[in-house]
Amino acid sequence: MPRPGPEPVQVVKQRRDAALKALVDGVPYIAFLGVEFDRRGDELTALMRYDEKLIGNPLLPALHGGATAAFLEITAIIGLSWSMLWEEIESGRRDPETLTRGHLPRLPKTIDFTVDYLRSGLPRDAYARAQVNRSGRRYASVHVEAWQDNRARPFAQATGHFLMPRRDGG
Amino acid sequence: MDKDETTGRDMTTQQFMGMLPHARALGMRLTLQGGGKARIEMDYDARFVGDPETGVIHGGAISALMDTCCGAAAMSHPAATGRTATIDLRIDYMRPATPGQTIRAEAECYHITRSVAFVRARAMDDDADLPVATATGAFTVEGT
């Protein structure tokens with residue numbers, strides 16, 4: 001029996017990008033802060049474009065610690081949700097076509113979140129990546145780092161614990 | 001602004017909030033500041049929603065409220081010298097805030113050294129007996 005050939009690259013990309021877009025577009029606060037996600041395979045990089053409304057201290061000027069914290073928390077929640085969604089979609093258990101309003105995956109709930117401010121956030125674009133250190137059936141632990149010009153010099157990092165949504169049939 | 005409830009040191013509450021574009025963007029109102037304590041209110045807004053299924057405000061918006069309120073408390077301590085920056089901030093989320101309700105944060109700077117202000121805060125909706133979140137943080141004491 002001949003093995004089926006690999007799926008065309010555009011079909012794969014379209015499926016993954018549509019799923020990510022549905023997940024991110026569902027959250028109003030992500031749009032309010034102007035955060036976007038760049039996908040390379042299963043790896044996500046969050047981008048927060050500089051905007052005057054993100055400033056905390058206009059004299060320096062520096063990003064508001066609250067904007068930085070929110071950026072990190074958004075990156076953690078989407079990173080964690082995406083890691084679950086990726087498996088569901090790639091295994092064929094979930095059809096990305098069904099990811100519409102009212103049918104989005106339930107998001108993890110933040111239990112606690114600790115932000116470490118390493119240096120002041122400059123008035124320019126910021127990037128962040130989340131690493132899921134542990135993802136169990138009920139609890140998850142996620143670490144996030146945010147940087148600006150230089151990946152090796154993060155300006156903030158955070159660790160959060162999350163309550164996982166109940167999964168279908170579980 | 002409410003003169004009775006503020007220290008009126010070198011900055012009015014209005015000026016303080018005006019200095020923080022991000023706090024303004026989130027519609028925060030400083031309703032008390034002085035003696036190492038601060039209270040800030042933030043109205044419910046559909047743009048701040050984090051969970052589209054429930055309409056609950058995003059934790060990030062609560063973080064911004066807590067950070068601003070803790071910073072305001074640290075700055076208003078009699079031993080503080082002026083500007084402050086967050087060193088670290090931990091937030092515990094006890095329950096989802098009820099959609100539609102204003103969230104009020106109250107912070108207290110409970111210890112200060114020449115370099116560090118230690119602050120704790122609570123965030124509440126209409127049911128003040130059951131906080132939505134608590135926070136603890138360390139802030140820089142700048143100058144001198």
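Two strands are taken to pair if DSSP finds at least two bridges between them. In this predicted model, Phe113(A) stands opposite Ile91(B) in β5(B), and β5(A) and β5(B), which run antiparallel, are joined by 5 bridges.

**The sheet**

That pairing belongs to an open sheet of 12 strands, whose order is β1(A)-β2(A)-β6(A)-β7(A)-β8(A)-β5(A)-β5(B)-β8(B)-β7(B)-β6(B)-β2(B)-β1(B), with antiparallel pairing. The edges are formed by β1 (35–40) of chain A and β1 (28–34) of chain B, and because each has a single partner strand, one side of each is left without a neighbour in the sheet. On average, and with direction ignored, neighbouring strands of this sheet are turned by 20° against each other.

Within chain A, strand β7 (residues 139–147) and strand β8 (residues 156–163) pair in the antiparallel sense over 8 bridges, and in this pair Tyr139(A) stands opposite Leu163(A) in β8(A). Helix α3 (residues 59–75) of chain B packs on the sheet, where the strands it touches include β5 (109–117) of chain A as well as β6 (103–112) of chain B, and the direction of the helix makes about 40° with that of β6(B).

| Strand pair | Bridges | Residues opposite each other |
|---|---|---|
| β5(A) and β5(B) | 5 bridges | Phe113(A) and Ile91(B) |
| β7(A) and β8(A) | 8 bridges | Tyr139(A) and Leu163(A) |

**The contact between the chains**

The contact takes 31 residues from chain A and 30 residues from chain B. On the side of chain A that touches chain B, at least two residues each are supplied by α2 (28–33), β3 (55–57), α3 (65–90) and β5 of chain A, and β5(A) gives the most, with 8 residues. The residues of that side of chain A divide into 17 nonpolar, 8 polar and 6 charged.

**Helix α1 of chain A**

Helix α1 (residues 9–25) of chain A has 17 residues and reaches 24 Å from its first C-alpha to its last, close to the 24 Å expected at 1.5 Å a residue. Ala19(A), Leu20(A) and Leu23(A) are buried in α1(A); seen down the axis of α1(A), the buried residues fall within an arc of 95°, so they line one face of the helix. An α-helix has 3.6 residues a turn, so residues three or four places apart point the same way. The cover over the buried residues of α1(A) includes β1 and α3 of chain A, whereas the face turned away from the buried side carries the exposed residues Gln10(A), Val11(A), Lys13(A), Gln14(A) and Asp17(A).

Notes. Residues numbered from 1 in each chain as written. Chains lettered and ligands numbered in written order. Predicted model: local features only at pLDDT ≥ 70, side-chain atom pairs only at ≥ 80, totals over all residues. Helix = DSSP H or I, 4+ residues; strand = E, 2+ residues; numbered from the N terminus. Axes fitted to C-alpha atoms, helices over the stretch in contact; angles between N-to-C directions. Contact = placed C-beta atoms within 7 Å. Nonpolar A, V, L, I, M, F, W, Y, C, P; charged D, E, K, R; others polar. Expected span 1.5 Å × (residues − 1). Buried ≥ 20, exposed ≤ 12 C-beta atoms within 10 Å, placed from the backbone. Arc of directions from axis to C-beta.
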